[in-house]
Amino acid sequence: MGSGWETTTLAERAAEAMPGSLLAGAGYVLLAVVGASLFVAVLGMALIYAERKVAAHFQCRLGPMRVGPHGIFQTVADTIKLLFKEDIVPAQSDRVLHLAAPFFSMMATLLALVALPMSPIVQVADMNIGVLYITAVTGFGVLGVLLAGWSSNNKWSLLGAMRAGAQIISYEVSATMSLLVVVLFSGSMQLSRIVESQADGWWIWRAPVVGVVAFVIFLIASLAEISRTPFDLPEGESELTAGFHTEYSGLRFAMFFLAEFVNMFVVSAMATTLFLGGWMPFHIGGVESFNAVMDLLPPGAWFALKSAAVVFLIMWFRWTFPRLRVDQLMKLEWKVLLPIGFVNLFAAATAVVFGWYFFPF
Amino acid sequence: MDVSRMNPIVAPPLRRSGFFADIVAGLRSLLQGMGITFRYFSHPSTVVTQQYPENRATLKMFDRYRMRLSLPHDENGFHKCTACRICEQACPNGSINVVSRKGAVTGKTELDRYIWRMDSCTFCNACVMACPFSCLKMNGDFECSVFDKSLLVFNLTRYAGPTSTVLMKVENPEERRKLWEPRDVYSGPLPLRGTELPGGGKTLGKPEEPARSET
Amino acid sequence: MSAIVTTLEQRIGRGATTQEFFVNMGPQHPSTHGVLRLVLKLEGETVKDVIPVLGYVHRGVEKMGEHLSYRQFVHLTDRLDYLSALANNWAVAKAVEKAAGIETNERIETIRTLVAELQRIASHQLWWGVFGMDLGAFTPFLYGFRDRERITDILEETIGARLTMNYIQPGGVMFDLHPDFQRKVKEFIAYFRPKLEEYETLLSRNIIAQERMRGVGVLEAAQAVALGATGPVLRASGVAHDLRKSEPYGVYGKVEFDVPVGARGDCWDRYWVRIEEIRQSLRIIEQLIENIPEGKHLLVKPAVRTKVPEGITYSQVETARGVFGVLLVSDGKDVPYRIHVRTPNFNNLWAITRIAPGWRVADLVTMISSLDIVVPDIDR
């Protein structure tokens, strides 16, 4: 697979250090915890700020302008406000579940972050079942939503939670189906190897047509999984006021909010890793001079740029489209996306078997 | 009813064409919509937000904007109000109380206090329209937020003496000067109908409760 | 869940134990457009029954009217349907003029028609934005408001108020047109026609929006008439009833325009009728703006308390939402003995009880929005 990239993960380094001194190993764990929290917090705030600014400019507005230059500290101020707000638990709620639900949501998001290769040297753990792992843990998030809706003892919340349950579980099928296309082409479920397999070109275009179709299906299905417009039915502001998190306030609301935005990043990062080459610069197999120019930008920057582009795309959807209805949502999944996904997977398998793609090995 | 005169035009039906045709047409419609939002996104000149407190210097309200009732005074501090109370009667919700008194020199009715309650005013402009002397004006001073609604009771007369025409008839300049001395801005109780005002005025209308004679 | 419970088991005697439940939509809910309260009977997401509960902004406007002179009453009608304040003013002015025999001139009628049509466009723009938001698209809301702002500015310059205008008075209008009015209206028309196309692309042609509207909440023509629905709601059901055509007032008799009607009476028809009405209003304004006749703008002295001879008078106008009628009962004094207003939204609202059952909560939101309800107008 001849890519000259040294890849190391945090897990590997910790494992190396562990036999020598327990302290060093513990240091790595601490580093991971602090780093992850910081990363999630900063990323969440940055994404919320970006969302507000992007939304504003789509709508001929300016967005936050007051706190700091161009309002860059607005989200910081809002976060601080949320931290200090009273955490209200409704009297008739299922108290334990109500308090626990946001953590389930947050945990799913954090667990997914573990496996993402953000650059050759920034990855926490590189599992040989990376794709499977991410699919599994992101599906865990629905548990938080369901718990939140059920424990709130609010009918609107319950409606939102039920919508979320049906929606997320259905769309997981399509998302997985499109992930399998890439797994077929790259021949691995390990995310670092999937990235390396794209050294000669990204799967979105290297796999003719099926790559694009798989990308589109993945994007649509993931949007539904993270409940972004046009699939934001679980929150459905104009219908359910706030859906499953109607009864949440303060820090716990902030956790749902943060999980939602970081989820958006996880989806973008997954789309980037699988279809857009991950941290791999834009390469065309065999054109060495062109590839050399592309290599000038470090892999981390490539990853950030590509993810940012997908995030922007998701925001763009949100600020353009109306929302689907529950039955239409199901119809879209079971009658449109899933059949197309199956046909696409079959076509991809055929293409792999016969080597019908650009720059075969 | 003559339907032919109506020229009715009938709504076009929304058609479905087929599985793949619908997907293609649907995706196209979505992309077109995205095109529109992106055009606004990529052209910051289309932003219409006005940064309000910062643009105070350039923000100009239209001349006719109706926000704050005023009793314009000319450069000598005179106004044209004769305390005829037509505005008070024109007001649909009793937001105006004109308090008059007998003038000390002329013996005629003159304006003492012009009390306007912005808190109950609906800015309907009826008082301005009704004024036979055109002495009232609504202006565009819209920054009126306060923490206490009693602060929205205004006395419009900076100078609450006789009108300029009456004043001009007073020969003695010393006496005239004494007449136009500014009085305090009103700071008494809210002028509910029938209550007595400091300085001996009484608001127009029937008292809502029996007037207390001892006050 | 403390709801009235009827299990399927009780009802049909099988083993299933689902239950219907009641839920309050409003008075604080983003989609009830103010303080309307709908009690919903739901089975899962499916709406079984809708019971509107009214009166959260009841202010007793009719009773207040019995203590105010006719001119003073006009300003209360601003506060009924605040999005078409001018048309409401006009209805009162028309009733008083009819009852007291006040003649108006051509200029007054032209000005009234112009501003009322401008406000009809503004009202539909706002409705379009809110409709988009109720469907879940946020951006149309801002675009609708952005373009409405232009009209509001034009009206503000002439009238001096943005929402509660109190402009059309018995015997004339409060102010003459501002010198800039004609120029700005022409600028607006040139500006807005392309924007209307954008509206179409952004929402009307959007596949998701179409799917949300297609066949949803069909109001049969007979039902609509029986409920007393008027305005776009009635016309979308296929009944070509428009007071501007059937009993022309103002200068509507002299201008050419078409009346858009729907074919089936679903949400899409109601949507389309309003969008088309914007076009027709633009047409009316274009025909009138060039030649506004000369004349006085107010023929009655403002301070005079108009006395209306004994009798009962009814007059009605077509606002952006339907027929707004005023019934004056006079005993010869300068205040009415009884004044009654027939507001379009009150009748339009009840359509929801007929069209909502069987649809989902999300459709209910679409339907309420497509009826274009202004709650103070219902509660009066």
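The model I am reading is a predicted one.

**Entry 1: two residues with positive phi**

I looked up S134(B) and found it in the loop between α3 (126-130) and β5 (137-139) of chain B. Its phi is near 50°, a positive value in a residue other than glycine. I counted 10 other C-beta atoms within 10 Å of S134(B), and since 12 or fewer count as exposed, S134(B) is exposed.

I then turned to N166(C), which has a positive phi of about 50° although it is not a glycine, and which sits in the loop between α6 and β4 (168-169) of chain C.

**Entry 2: chain C as a whole**

For chain C I noted 16 helices and nine strands. The radius of gyration of chain C is 22 Å, close to the 21 Å that the globule rule gives for 380 residues, so I recorded the chain as being as compact as a globular protein of that length. Its C-alpha trace spans about 80 × 50 × 30 Å along the principal axes. Of the 380 residues of chain C, 54% count as buried, and among the contacts between residues at least 6 apart in sequence, 68% join residues at least 24 apart.

**Entry 3: what chain C touches**

The contact with chain B takes 40 residues from chain C and 35 residues from chain B. Here the elements of chain C giving two or more residues include α3 (70-77), α6, α7 (181-204) and α12 (267-289). The residues of chain C on this side divide into 17 nonpolar, 11 polar and 12 charged.

**Entry 4: α6 and α7 of chain C**

I next checked how α6(C) packs with α7(C), and found that their axes come within 11 Å and cross at roughly 165°. Since angles over 145 degrees count as roughly antiparallel, that is how α6(C) lies to α7(C). The crossing of α6(C) and α7(C) is left-handed. Among the residues making the contact are I151(C) and I154(C) of α6(C), and F188(C), Y191(C) and F192(C) of α7(C). The contact residues divide into 10 nonpolar, one polar and four charged.

**Entry 5: α4 and α11 of chain A**

Finally I looked at helix α4 (residues 95-114) and helix α11 (residues 250-275) of chain A, which pack at an angle of about 25° with their axes 9 Å apart. With angles under 35 degrees counting as roughly parallel, α4(A) and α11(A) are therefore roughly parallel to each other. I noted that α4(A) passes α11(A) in a left-handed crossing. The contact includes M106(A), T109(A) and L113(A) of α4(A), together with M255(A), F256(A), A259(A) and V262(A) of α11(A). I sorted the residues of this contact into 10 nonpolar, three polar and one charged.

How values were computed. Residues numbered from 1 in each chain as written. Chains lettered and ligands numbered in written order. Predicted model: local features only at pLDDT ≥ 70, side-chain atom pairs only at ≥ 80, totals over all residues. Axes fitted to C-alpha atoms, helices over the stretch in contact; angles between N-to-C directions. Helix = DSSP H or I, 4+ residues; strand = E, 2+ residues; numbered from the N terminus. Parallel < 35°, antiparallel > 145°, perpendicular 65-115°, else oblique. Left-handed = near helix turned anticlockwise from the far one by under 90°. Contact = placed C-beta atoms within 7 Å. Nonpolar A, V, L, I, M, F, W, Y, C, P; charged D, E, K, R; others polar. Rg over C-alpha atoms; globule rule 2.2 N^0.38 Å. Buried ≥ 20, exposed ≤ 12 C-beta atoms within 10 Å, placed from the backbone.
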